[in-house]
Each structure stands twice: as structure tokens, then as C-alpha cells.
Amino acid sequence: MIVYDIVLNGEIKETIKPRKNRLKEIYAYMQEQTKLMQAKYGENVRIKGRMIY
């Protein structure tokens, strides 16, 4: 499973877990979420993906 951490100033603020497993759907979902997180936390937000087994 792929999850994405929202990192602000080196601290993880929240974790996003996409519901779908298809890469095209995850990509579209994360583009939408990136815009929302930048509006919520500002421009200094970083999104890092990681795998959970």
C-alpha cells in the first residue's frame, strides 16, 4: 500500500491513504490533494510517498 506523508518544517502533519490502488487514479487523486494541502498549510509543504507492507 502506498501512503503519502504531509511534511511541514520537518514534521509530519498528516498521512494520506489513497483508496484506489491503480497508479493513474492515485496520481490524479494526489494532484488534487497537493493543491488542497498547499492551500491548507502554505507553499512550504512537502509530500513524501512511502510503502507500507
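Predicted model: local features only at pLDDT ≥ 70, side-chain atom pairs only at ≥ 80, totals over all residues.
## Helix α1

Let's start with α1, which runs over residues 23-41 and so counts 19 residues. From its first C-alpha to its last it reaches 25 Å, close to the 27 Å expected at 1.5 Å a residue. After the helix comes Gly42, and the phi of Gly42 is positive, near 105°.

Which residues of α1 are buried? They are Ile26, Met30, Gln33 and Met37. These four cover an arc of only 70° around the axis, which puts them on the same side of α1. The cover over these buried residues includes three strands: β1 (2-8), β2 (11-16) and β3 (46-51).

Turn to the face that points away from the buried side, and you will find the exposed residues Lys24, Tyr27, Lys35 and Ala39.

How many salt bridges does the structure hold? There are three.

One of the bridges joins Arg50 and Asp5, with the closest N and O atoms 2.7 Å apart. Arg50 belongs to strand β3 and Asp5 to strand β1, so this pair ties together parts that are 45 residues apart in sequence.

Another bridge brings together the side chains of Lys40 and Glu14, at 3.2 Å from N to O. Here Lys40 sits in helix α1 and Glu14 in strand β2, so the pair links parts that are 26 residues apart in sequence. Lys40 counts as exposed, with 53% relative accessibility, because the cut-off for exposed is over 50%. Glu14, at 24%, counts as partly exposed, since buried would require under 20%.

## The Glu11 and Lys13 pair

Glu11 and Lys13 form a salt bridge too, and their closest N and O atoms are 4.0 Å apart. If you are wondering about that distance, the pair is counted because the criterion is a side-chain nitrogen of Lys or Arg within 4 Å of a carboxyl oxygen of Asp or Glu. Glu11 is partly exposed, with a relative accessible area of 47%, and Lys13 is partly exposed as well, at 39%.

Terms used: Residues numbered from 1 in each chain as written. Heavy atoms only, no water. Helix = DSSP H or I, 4+ residues; strand = E, 2+ residues; numbered from the N terminus. Expected span 1.5 Å × (residues − 1). Buried < 20%, exposed > 50% of the residue type's maximum accessible area, 1.4 Å probe, protein only. Arc of directions from axis to C-beta. Contact = heavy atoms within 4.5 Å.
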